[in-house]
Each structure stands twice: as structure tokens, then as C-alpha cells.
Amino acid sequence: IEATTESDVYYLENTISREYATNFNSGGIEVLRVSSTDQHKFRFIPEGYRVIGEVGTSTTDDDWKTVTLDRSYSNPIVVLGPVTQNSSDRFTVRVKNVNSSNFKWRVHEWGYENGSHGNESVHYMVVDAGHYAFKNGQQLYARDKTNVNEDTFTNVSFPNEMTNPLFLTQITTDGTAANARNNGYSVRLQQQENRDQSRSISIETVDAIFMEQGTVLGYMDFKAGLKTNVDDNWQTLTYGSDISFSSSPKVLADVLTYNENDPITLHYRNKSATSIQFILEEDKSQNRETDHADEDVGWMAFERSGFLIAQDADLFNNPSKAVNTKSENPGLDEEEGHGVFKVFPNPTDGELTLFVPVETKGNVLIQGIDVLGRVLFEREEVAESGVFTYKIEDLHDYMSSGMLFLKVTIGDTQYMRRVIFE
């Protein structure tokens, strides 16, 4: 059980029971059950999934503020924004000192302003660098650091398996007031329009996160989408009927197009459980004119602060690859010395594929057992040595939803795997 600072919420890995009673033992495996008064405190992480990052909110002024993360990451990628607009002074936001457990950020006014600024708020998203798939197959890619300059757009690649993802970027080194401006899937640095040439921008590091559009419901409800025609007037985005938030969500967003080259900052206001407003604010260093052409904005709305739960995309798309990997922590579900017993997908909507390591040819007994220890079904097959693959397509015949155990017996070796059936 991993505790977080998210209002005493606990994340339980490889735990899938959502029944609310007392603990009991089934087939030698203790099943955690949570009392109804405490159920709101728990998030359940199914087998094969893990915490890949987190979403949160922070407020600061022109002084650097340290944001402490709820867990450590090996290579955290950070994006912020949009930001509130509590002052008439024009500004951007900067991030620096990103490390495994925290980062710093502040409001940075454009060079022609006086530099002193009051509090502004942003939502942030931190993801360990990598390629991931959520429960519905929607993919996210947190791109390792990219060096970017002011003179040219730098292309930022993403996996071919992704379809038309959104593209959010953030400068993560400290320097002159500047933004990372996107143009499709490329990015450049941009400082104020009337820049002092002695303030040339050196190469900076930019973090990038790609997210496919769609709605994910479950461990953390969220939606990723596109808002077109955002300009220098407040534009309202409605999240849509396919997702419902009980309170105001955490919203990440970035400008995806480069239809006009004047420097801009994306701001938000009036964020509610159903909608949010965006505006593009140009700097005034060159002139007082602040009209801006329509731009496309990619956005993500998350139901709350907390962890993001996903699976490595490579395993999601190619589950059999997991068979060739030795478990680092053999336990109740797998026995060291016999490879890895893999069940996919888990959770399932009624069909399962089993990958069973077999040392020598012999009989394989496959049993489905409910949480009360009753055998729902059993099958006996003959397996050759190597990896035995078996598909179950009729779980609907035995139960409508809930949890069961798959027990596989090969000679003196037994494997047990918890499966959630939705």
C-alpha cells in the first residue's frame, strides 16, 4: 500500500477487490476488502499496471517555488499550464531543477515589465519518460529532454503507434523570459517581440508529452481533446457529455499551431466541473496591439490531483513479450525458476489469453475459482515444452462481473493469478 499526500488516499498495487467487508482468505491468497466508510480513500491498481506519473496544482509569484512530488521518478518529464491571469502585467512561466522528487517553477514577466508579480496558479503533469497505454488503449508518450533554440523549429518525434496525439511542451531550464512555441510536432524558443539583441537565448531544454485524444474512465477519469479557434478573446471549452466531473478538474493545455508569430501566453479562467475558458495574451513590448489569429489548443482535463495509472505500451500491444521476462519479485502469482505465468488483458471484458511456461511436455489443468473458493470451470489440456498459450472466451457463461482466480497446475507446479472481470 502506497500512501500519498492526496487527502489520505492509498494506492494498492496488484489489488483488485472492490468488495467492502472484512478480510478473508481464498485459496491461500488473502483478499483485501475495504469497509464502506473508507472505500473513498483507496485506488486499486490491477496487475500489469503501475504509477507512471502524477497531476497536481501549484501557486506562486515571481519567486521560485519547489513542488514536492508524491513519489520519486527515474526520469521525470514536466509540463505546466495554462496559467491564471491575475495581473495586467504580461508574463510566462519557467521551470528549473527538475529531479526525481521535485521541481521549481515561477512566474517570469516579459523583460519590458517591472519583474514583480503576484500569485498565479497552474496545474502540472509529471510523467516518467516512456511510452504508455491506459486501460482503453489510449497512449501517452513522455519524451526525453530535447535541446531547442530560438532560430529554428526542432522536430520532436513520437512512436508510430500513436494517432494524432496532442503535444504539450515546457522549457525546463532557467534563462531569459521565453516560451516554447509549438508548430505541429516541432518546437522553438520565443522571447518577447521587441527583444534586446544582447538577450539572445541560448539552447534550452524542453520537456514534451504526447497524448492521444479520448476519454479514460477508471483509476483517474480524464479526457484529452482539441479546442480550435482560440484567440485574444475568451473562448469557452465544454468538456463534453462522455465524461462527468463532480468538481472542477485539473486542466493541462498548450497551443499546437503557429498561425501568428507574436509571442503569446495561454491563460484560463472560470474553470468549473463542466467547462473552462481560454485566452491567448500577446506581449506588448513592440506595440499595444494584442489581436491574435486563431490557434488550436490541445487540452487534458483530469478529475483530481493524484497518480496516473497505465501499462507499458509495449506490453499492452504485445502481451506475449512479458513471457520472456523473468519476474523481479516472484510471489504468490509466480514461482521462481519456472519463468512467468502471464494473463492478458487484466482487467478483462470476458476474454483472456494465458501464457504458461512449461518445462516438459505434460498435462495442464486450468481452473477458474471465485472469491468464495468455488470452482467455476476447469479445463485440461496437453502442453508441449516451452510457452503454452491458451485462450478463454466464455467467462460470461460463469459470471457477469467481479473477481476470480485462475489456477494453473502443471505436475507439481501451480500458478495463481487474480483477474478482474468487468
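Val-127 is in contact, meaning heavy atoms within 4.5 Å, with Ile-52, Gly-53, Asn-75, Pro-76, Ile-77, Tyr-132, Leu-140, Ala-142, Ile-209 and Leu-308, residues up to four places away in sequence being left out. The model is a predicted one, in which local features need pLDDT of at least 70 and side-chain atom pairs count only at pLDDT 80 or more, while totals for chains, interfaces and linings use all residues. Residues are numbered from 1 along each chain as its sequence is written, and side-chain values use heavy atoms, with hydrogens and water left out.

Val-127 also belongs to the largest nonpolar core, where Met-125, Val-127, Leu-140, Met-300 and Phe-302 have the most contacts among 38 residues. A nonpolar core is here a set of buried Ala, Val, Leu, Ile, Met, Phe, Trp, Tyr and Cys residues joined through side-chain atoms within 4.5 Å. Buried stands for under 20% relative accessible area, exposed for over 50%, and partly exposed for what lies in between, with a 1.4 Å probe and protein chains only. Strand β18, residues 204-211, gives the most to this core, namely five residues. Another core lies apart from it and holds 22 residues, among them Val-343, Phe-388, Ile-392 and Val-419.

Of the 422 residues in the chain, 54% are buried. Among contacts with a separation of 6 or more, 70% are between residues 24 or more positions apart. The chain exposes about 18,100 Å², and carbon and sulfur atoms supply 40% of that area; accessible areas come from the Shrake-Rupley method with a 1.4 Å probe, and for residues only the protein chains shown count as cover.

Rolling a probe the size of a water molecule over the atoms shows where empty space is left. A cavity is a set of points, on a 1 Å grid over the protein atoms alone, where a 1.4 Å probe fits but cannot get out, and its lining residues have an atom within 4 Å of a point. Grid points are joined across faces, edges and corners, and a volume is the space filled by probe spheres set on the points. The structure holds two cavities of 30 Å³ or more.

The largest cavity contains about 300 Å³ of space. It is lined by 20 residues, of which Thr-92, Asn-179, Ala-180, Asp-254 and Leu-266 are the closest to its centre. Two or more lining residues come from each of β8 (76-83), β9 (91-96), β15 (166-171), β16 (178-183), β22 (250-255) and β23 (264-269). The largest share, five residues, is that of β16. By class, this lining has eleven nonpolar, seven polar and two charged residues. In this scheme Ala, Val, Leu, Ile, Met, Phe, Trp, Tyr, Cys and Pro count as nonpolar, Asp, Glu, Lys and Arg as charged, and the others, Gly among them, as polar.

The second largest cavity has a volume of about 50 Å³. Its lining is formed by Phe-134, Lys-135, Val-216, Tyr-219, Met-220, Phe-222, Leu-308 and Ile-309. Seven of these residues are nonpolar, none is polar and one is charged.

Several individual residues complete the picture. Glu-281 is part of strand β24, residues 275-282, and counts as buried because its relative accessibility is 6%. Beyond its neighbours within four places in sequence, Glu-281 is in contact with Gln-85, Arg-90, Phe-91, Pro-263, Ile-264, Thr-265 and His-267. Glu-281 and Arg-90 are 191 residues apart along the chain, yet their C-alpha atoms are separated by 7.7 Å.

Two residues other than glycine have positive phi. In the loop between β14 (154-155) and β15, Asn-164 has a phi of about 40°; Asn-164 is exposed, as its relative accessible area is 58%. In the loop between β23 and β24, Asn-270 has a phi near 50°, and Asn-270 is likewise exposed, at 51%.

The loop between β27 (342-344) and β28 (352-358) contains Pro-345, and Pro-347 lies in the loop between β27 and β28 too. The peptide bond from Phe-344 to Pro-345 is cis, with omega near -10°, and a cis bond also joins Asn-346 and Pro-347, with omega about 15°.

How values were computed. On a 1 Å grid over the protein atoms alone, a cavity is a set of points where a 1.4 Å probe fits but cannot get out, and a pocket is an open set with protein on both sides within 12 Å along at least five of seven lines; lining residues have an atom within 4 Å of a point. Helices (H or I, at least four residues) and strands (E, at least two) are DSSP runs, numbered from the N terminus.
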